[in-house]
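Hello,

Here is the structure we spoke about. Please look it over, then read my notes below.

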Amino acid sequence: MPVTQTVPAAARMFLSGNDAVARAVWEAGTRVAAAYPGTPSTEILEILSRHSGLHTEWSVNEKVSMEVALGASMVGARAFCAMKHVGLNVASDALMTMTVTGTEGGLVIAVADDVGMSSSQNEQDSRYWGRFAHVPVLEPADSQEAYAMTLAAFELSERLKSPVILRLTTRICHVKGVVHTGERIEIEPKGFVKDPRHWVMVPGNAKPRLPSMFEREAAARAEAEVTPLNFQVERSDRRIGFVTSGPTFMHVREAFPDAPVFKLGLSCPPPLESLRRFAATVDTVLVVEETEPLLETEMKAAGIACHGKDVLPRIGELAPDVLEPAVRRLRGEVVPEPEHVPAQQVFPRPPTMCVACPHLGVYYTLSQMRNVIISGDIGCYTLGAGHPWNALDTCISMGASMGTALGMDKGRGKVDENKKVVAVIGDSTFMHMGMQGLLDITWNRGNVTVLLLDNRAVGMTGGQDNPGTGRDIHGAETTRVDFAKLCEALGVKKERIHVLDPYELPVLFKALREETKIEEPSVIITNRPCVLIDHYQPAKSYTVEEDRCTGCGNCVEVGCPAIHVTRRDKVIKASGKEVDLSFVRIETSACTGCGLCVQPCAPAAIVHADPVQNVQSVQFVRK
Ligand code: SF4
Ligand code: SF4
């Protein structure tokens with residue numbers, strides 16, 4: 001059953017930017033909202049799904065979410081989709097034609113850039129899409145603005161008949177502030193109007209629509225000159241006047257409270273005439289924007305002299321500690337080099353997988369294999385690239401493990417001809433953009449072994465449901481993808497598809513060894529759930545019998561964070577070889593009894609903490 005919550009009427013609330021956007025989407029009378037989870041925007045749809053009065057969904061990828069929103073707009077409903085910055089790359093095919101058709105019901109696209117790269121593979125600046133697609137871009141600076149600009153974006157979208165991009169950053173998405181909210185309005189959709197010249201984008205229909213795209217852009221530019229979303233903060237220190245967009249407004253106000261600031265809320269198209277007038281009132285203009293020099297370039301092209309990325313970094317957040325020395329240098333002041341403070345000696349704590357994560361078994365097994373190239377993908381399993389497994393060789397984009405594996409297979413020369421090519425992909429990533437790659441592998445007779453890690457969750461973003469879980473965004477039962485059948489339908493022979501328990505190391509190792517020997521596509525599907533989802537059932541925990549532990553360190557290679565090295569030593573073998581020893585203990589309160597570390601422990605030193613439950617250890621033979 002859908003879970004809904006009672007939403008307070010107009011109120012003063014303490015909300016993150018994501019909360020505030022969700023609240024405004026709901027208040028705007030939106031009927032359809034869709035997204036694919038991605039940090040930092042995930043929470044928007046999670047929060048919206050608890051509201052009543054609208055359809056919310058996790059879509060299989062961002063392109064589908066945008067198309068769902070467009071379909072709702074076509075019938076006259078207000079619609080919304082949300083994604084992280086790289087998601088808009090996936091959705092851009094829809095965006096670049098949606099800008100030609102225009103929209104009917106208000107359509108807002110929230111895109112969250114990960115400035116500072118806390119959880120992403122790149123730091124691209126989504127404001128480019130506004131320029132590329134000729135659609136307006138709104139940039140809030142805090143939660144209150146995230147709320148207000150979401151509402152304004154729907155109105156702007158309906159005035160201009162255009163999708164509107166709401167550009168967020170990690171700081172806006174996650175920082176909380178006071179927001180004055182309102183109440184939901186209900187809007188009855190006008191209904192779909194059949195009009196092939198509007199909606200059927202064949203060349204003969206699309207070409208006549210192109211001028212309307214530029215007329216709309218001109219209207220947005222005129223609006224940018226007068227909208228209250230763009231305003232000037234008057235201050236007395238006119239040596240430098242700042243032009244800001246998005247969260248940089250807050251940073252500049254904090255660092256230079258006496259300086260005049262031109263704040264852009266509707267930043268694309270930029271109000272160049274207003275900016276020209278502002279520039280005439282100050283000695284020097286400094287454009288502070290994250291991350292690319294877009295406004296700076298546009299202002300310079302319009303003949304407005306300004307500084308920007310010549311004095312400010314082009315990567316990362318432009319926080320006060322970054323701005324202050326840069327601005328002092330621009331003013332001609334001598335800025336002493338910061339005093340060198342030696343780094344504190346702290347114990348290294350690299351990112352790792354969870355205790356008993358089913359991926360541990362997969363990466364332990366892969367780490368024992370020789371002569372293998374492992375093409376990876378996006379998800380928590382990307383951590384397989386790290387210590388102690390070092391069992392992932394590439395990670396590019398959603399679903400890329402398939403195509404890159406096929407390319408390696410087809411492109412390899414003599415030096416790689418005896419290597420096995422393995423692709424590793426998670427369940428949600430597979431459905432997002434990976435299954436097309438598997439089809440390409442089978443269709444083009446690739447020699448790739450695919451490890452499909454079905455942990456029944458979008459693990460990295462918090463365990464959201466996907467078509468493989470059989471539940472929708474509300475947790476209600478729905479159709480469930482059968483991965484084995486899906487892979488067979490995509491052309492993998494039935495006998496080359498194995499569904500295995502990743503906690504059974506010998507079985508997994510045997511299957512991998514056999515399938516990588518066979519020169520045709522094969523798929524090994526692991527079937528244990530993410531330990532953080534509510535269906536996971538922990539078992540009896542384990543402990544280490546100290547007097548039996550030989551310090552071989554095999555269990556440490558599993559990579560479970562519940563295993564701690566308590567003592568290190570060295571011994572000289574009879575052969576004269578020096579060997580490192582690692583003696584361990586298991587944090588029993590953290591251990592969930594998955595049994596993974598038991599299997600490579602030859603002296604059977606790992607036993608159930610409750611002796612009655614002792615089991616024979618399963619020997620795992622290294623190859
Ligand atoms: S049995 Fe071993 S691998 Fe599994 S959770 Fe416990 S310590 Fe970790
Ligand atoms: S695998 Fe067994 S013997 Fe080796 S370090 Fe771990 S507990 Fe000790």
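Which side chain meets that of Glu 27 in a salt bridge? The partner is Arg 23, at 2.6 Å, N to O. A salt bridge here is a side-chain nitrogen of Lys or Arg within 4 Å of a carboxyl oxygen of Asp or Glu. Both residues lie in helix H1 (residues 17-27), 4 residues apart, about one turn of the helix. Helices (H or I, at least four residues) and strands (E, at least two) are DSSP runs, numbered from the N terminus. The structure holds 34 salt bridges.

A word on conventions. This is a predicted model, in which local features need pLDDT of at least 70, side-chain atom pairs count only at pLDDT 80 or more, and totals for chains, interfaces and linings use all residues. Residues are numbered from 1 along each chain as its sequence is written, chains are lettered from A and ligands numbered from 1 in the order in which they are written, and side-chain values use heavy atoms, with hydrogens and water left out.

Now the domains. The assignment (automatic or from a database) gives domain 1 (12-188 + 201-226), domain 2 (231-330), domain 3 (358-526) and domain 4 (542-613). The C-alpha centres of domains 1 and 3 are 33 Å apart. Between these two, 16 residues of domain 1 contact 16 residues of domain 3 (heavy atoms within 4.5 Å). About 1200 Å² is buried there, 60% of it from carbon and sulfur atoms. Buried area is the accessible area (1.4 Å probe) that two parts lose on being put together, summed over both. The salt-bridge count between domain 1 and domain 3 is 0. On the domain 1 side, helix H2 (43-48) and strand E3 (55-58) are the elements that give two or more residues. E3 provides the largest share, 3 residues.

Next, aromatics. The whole structure has 7 aromatic pairs (ring centres of Phe, Tyr and Trp, the last by its six-membered ring, within 6.5 Å; planes under 30 degrees apart are stacked, over 60 edge-to-face, the rest tilted). Trp 129 and Phe 132 are stacked, at 5.8 Å centre to centre and 25° between the planes. Both sit in helix H5 (residues 127-133), 3 residues apart.

Last, the backbone. Most residues other than glycine have a negative phi, and most peptide bonds are trans. Some exceptions are worth a look:

- Thr 39 to Pro 40 is cis, omega about 15°. Pro 40 is in the loop between strand E2 (32-35) and H2.
- His 387 to Pro 388 is cis, omega near 5°. Pro 388 is in the loop between strand E14 (372-375) and helix H15 (400-411).
- Ala 356 has a positive phi of about 65°.

Best wishes
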